[in-house]
Amino acid sequence: MPIREDVLVVGGGIAGAASAISAARTGASVRLVTHKKSTLRHASGLIDVLGFLPGSDDPIVYPYSALSDLPDEHPYSVVGENAVREGLDLFDDIAGDAYRGGHTGKNALVATHGGTVKPTARYPKGAAEGLASTNRDTLLVGFRSLPDFDASVACEHLAAAGAPFAVDGVQVDFPGDFRADAKVTRYAKALDRNETVSAFGKERPAREALAEAVRPHLDGAERVGFPALLGDAHADEVRSDLSSELGAAVYEIPMGPPSLPGLRLEDLLFDALDEAGVRISSGNPVVDYTPVEGEHRVKSVTVDRNNQRVPLHADEFVLATGGLVGKGITSDRESVSEPVFDLYVPHPEDRYDWWDQQAFGDHAFAAFGVVPDEELRPTDADGEVEFDNLRAAGGVVGGADFAAEKSGSGVSLATGYLAGRTAGEAI
């Protein structure tokens, strides 16, 4: 008997999870199919909605007010402000007290590990004490075994950016005997378990030993920022203990991959999928589809399970496979394409027009993706809907430069929420 659901979502990132949960909340039966681990483990864990307008270097304070300034082809212009607000409401419901920022329509300014300041709409509570708009003297702490974060360099960048507080930086050794190339998750587990480590000539709990390594450098700092490795399952407890030991507020600085805040966000989303009753099929790619004969509808998608082709049937489908980075959009030397349904992806014929000569220029490839109608159904080159029961969400939707705008998570939530809800209501 073939596997069949009301709604089938392809893709396991923020857009896929938002689609599946919002579809399930309409009462539809939902299956989410995901191949590899999502790109969230490479992400900061921040929820960016709109940090900059195209072509502008001025950070946006009120993202909702700036939506009307976006071009017509932008995903926000397609779905409208209500979908953006409702997508964020869905996220706030999923995240609960694990995230901050939901009380205001303003962007917060979060300092990054490179010493820049990023406008973001929602941020993990572990980063809350480190907002760059807060006027409190700060100490940044890096670890000599983690070259990705140089605290002194980050301090220089923050000072150059005009941070409204005194900031100093120090590199220390993480207490204990760890491999020189230990993963950040190993340090997090040591703090989670408060393992006994050897430091400063005696055995002691890891949190106490870390505080002792930092204490001589405090010099009156009111808050201390660490790379985001302060525990995983017991991160709140780790920060609280370090704060008590140091007599200063403690926060985490979002880092590059592998990102613990990104992994924590992934856990939140998959817990919410379980709670919503979404069935999950993971580990195998969707490679093809079967149309309904004589209709512009999808009958099933095909999963490659160790060279065995398995059809998954549904009445409605959501494609949330990501953009160029997530491989939801692919390219070769001749063209750009969408690999599952072979959807239309507009792009310049000459590949030398796909990018700009300037590294930070206006690159065409950044906005490659399918062109949706107002219900997020992909359209062909003539503007006609390709499949009546297929919707697109997240990075596979074209028209936005997520990296330049700082809009990736917001677009995923808004399009995911609307695509999933519309698919569920169509049953």
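Reader: In which loop is D342 found?

Author: D342 is found in the loop between β18 (336-337) and β19 (390-392), where helices (H or I, at least four residues) and strands (E, at least two) are DSSP runs, numbered from the N terminus. This is a predicted model, in which local features need pLDDT of at least 70 and side-chain atom pairs count only at pLDDT 80 or more, while totals for chains, interfaces and linings use all residues. Residues are numbered from 1 along each chain as its sequence is written, and side-chain values use heavy atoms, with hydrogens and water left out.

Reader: What is the phi of D342, and is the residue buried or exposed?

Author: Most residues other than glycine have a negative phi. D342 has a phi near 55 degrees, a positive value in a residue other than glycine. It counts as exposed because its relative accessibility is 60% (buried means under 20% relative accessible area, exposed over 50%, partly exposed in between, with a 1.4 Å probe and protein chains only). K406 also has a positive phi, near 55 degrees, and is found in the loop between α10 (402-405) and α11 (408-425); with a relative accessible area of 28%, K406 is partly exposed.

Reader: Which residues form a nonpolar patch on the surface?

Author: Y352, W355 and F365 form it, with about 320 Å² of accessible area together. Patches are made of residues with over 30% relative accessible area and no salt bridge, like charges being joined within 9 Å and nonpolar side chains (Val, Leu, Ile, Met, Phe, Trp, Tyr) within 5 Å; the areas come from the Shrake-Rupley method with a 1.4 Å probe, and for residues only the protein chains shown count as cover. F365 has its place in the loop between β18 and β19, and at 36% relative accessibility F365 counts as partly exposed.

Reader: In what order do the 4 strands of the open sheet stand?

Author: Strands of a sheet pair through backbone hydrogen bonds, either parallel or antiparallel. Here the order is β8-β7-β11-β12, and the pairing is parallel (two strands pair if DSSP finds at least two bridges between them). β8 (167-172) and β12 (249-253) are at the edges with a single partner strand each, so one side of each is left without a neighbour in the sheet. On average, neighbouring strands of this sheet are turned by 25 degrees against each other, direction ignored; axes are lines fitted to C-alpha atoms, for helices over the stretch in contact, and angles run from 0 to 180 degrees between N-to-C directions. Strand β7 (residues 138-143) pairs with β8 over 6 bridges in the parallel sense, and Q171 in β8 is the bridge partner of G142. Helix α5 (residues 151-160) lies across β7 and β8 and runs at about 170 degrees to β8, contact meaning heavy atoms within 4.5 Å.

Reader: How many residues stand between the strands in the hairpin of β9 and β10?

Author: That hairpin has 2 residues between its strands, and F200 in it takes a positive phi near 55 degrees. Strands β9 (residues 196-199) and β10 (residues 202-205) run antiparallel and are joined by 4 bridges, with S198 opposite E203 in β10. Strand β14 (residues 286-291) pairs with strand β15 (residues 298-305) over 5 bridges in the antiparallel sense; their hairpin has 6 residues between the strands, and G294 in the turn has a positive phi of about 80 degrees. β15 pairs in turn with strand β16 (residues 308-319) over 6 bridges, also in the antiparallel sense, and the bridge partner of V303 in β16 is V310. The hairpin of β15 and β16 has 2 residues between them, with N306 in the turn at a positive phi of about 55 degrees.

Reader: How many salt bridges does a search of the whole structure find?

Author: The search finds 27, a salt bridge being a side-chain nitrogen of Lys or Arg within 4 Å of a carboxyl oxygen of Asp or Glu. In one of them, the side chains of E5 and R279 meet at 3.2 Å, N to O. This pair links distant parts of the chain, as E5 is in strand β1 (residues 3-10) and R279 in strand β13 (residues 279-282), 274 residues apart. E5 is buried, with a relative accessible area of 6%, whereas R279 counts as partly exposed at 42% relative accessibility.

Reader: Are D48 and K118 buried or exposed?

Author: Both are buried, and their side chains meet in a salt bridge of 2.9 Å, N to O. D48 lies in the loop between β2 (30-34) and α2 (63-66) and K118 in strand β5 (residues 117-120), so the pair ties together parts that are 70 residues apart in sequence.
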